[in-house]
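Okay, thanks everyone, let me put my model up on the screen.

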Amino acid sequence: MNVHVGLLAWMYYKNIDDDYLQNASAILDKLKSYYRQGGESSNLSKVLQDYTQVILDITFYEENKLVDQEFPEDCSPFKIQQLLQDLTEPEVLAGRLAPAQEVQSVLGLELLECLYWRRGALLYMYCHTLHQRKQWIKKNKDTFLKCIQEGVRYLMRMLQVRNSVKLNDGVVLHDTATASFLSEGIFSDTHLLTMMYIGEMCFWAVKYEDCSADTMDRKEDRLQFRDIGTQILNKYVLACEGPLQGQGWNTENAKEILSILQ
């Protein structure tokens, strides 16, 4: 396996002035040394995990630049597709180089979750910006809906990486709040934030898809945004107003969206 040539060239010719880029450069140096020592075949999983961390660090830097610049219309589509491709590469490599193993066992649950989260969150931020450009949406409604659909799919995959803990599977939990979270597949604050992102994106889709042309995709391939948004936001509200009450999670926006979706 060769380290991504484009990433190597980018790292060595671009001015590294960010902590994430410095960390990525250090990991790439470690990987090169690892390859020279012939360790690739003996610990493929470790190599791919380190490589994944490099990609996560570099793309995080690039994503932040896009957000800070409020997604310039001229270059954002190309840059977003490139970032999505980069964030997909670790999963593709794991499937190609370790076909007998599940991807999550090669990369680990946390890294795989992060890869899905970062792709979905990037598209959420892009759609959030586009949602405020009414004139752009009028001319590019189908493109907007495609971005939403792709983003929701990534975020849903993130929520599905860890199978929900079934309380009758011999798992003993003395904290009922923790038991409730795990049984619903809520393992962290990021999972809750993911639910809110999905709900908002489903709301935007419902708002615009009815008056969209049928050029986006075949209708049977489209997500059921109304149903998905309702289900996810109901879980979000129950968690925030139940075990997490008083922990700073706001449900006003979620309830407003639910009133429209239901």
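So, start with helix α11, residues 225-241: it has 17 residues and reaches 24 Å from first C-alpha to last, close to the 24 Å expected at 1.5 Å a residue. That expected span is 1.5 Å times one less than the number of residues, and helices here are DSSP runs of H or I, at least four residues, numbered from the N terminus.

Quick housekeeping: this is a predicted model, with local features needing pLDDT of at least 70, side-chain atom pairs counting only at pLDDT 80 or more, and totals for chains, interfaces and linings using all residues. Residues are numbered from 1 along each chain as its sequence is written, and side-chain values use heavy atoms, with hydrogens and water left out.

Back to α11: its buried residues (under 20% relative accessible area, 1.4 Å probe, protein chains only) include Phe 225, Ile 232 and Tyr 236.

Now the rings. Phe, Tyr and Trp rings (the six-membered one for Trp) pair if their centres lie within 6.5 Å; planes under 30 degrees apart are stacked, over 60 edge-to-face, the rest tilted. That gives six aromatic pairs. Take Phe 71 and Tyr 126: centres 5.3 Å apart, planes at 50°, so tilted. Phe 71 sits in the loop between α3 and α4, Tyr 126 in helix α6, 55 residues apart, and both are buried.

Then Phe 144 and Tyr 208: 5.6 Å between centres and planes at 90°, so edge-to-face. Phe 144 is in α8 and Tyr 208 in α10, so this pair ties together parts 64 residues apart in sequence. Phe 144 is buried at 0% relative accessible area, Tyr 208 at 10%.

Last one: Trp 117, Tyr 124, Tyr 197 and Trp 204 form one aromatic cluster.

Terms used. Helices (H or I, at least four residues) and strands (E, at least two) are DSSP runs, numbered from the N terminus. Buried means under 20% relative accessible area, exposed over 50%, partly exposed in between (1.4 Å probe, protein chains only).
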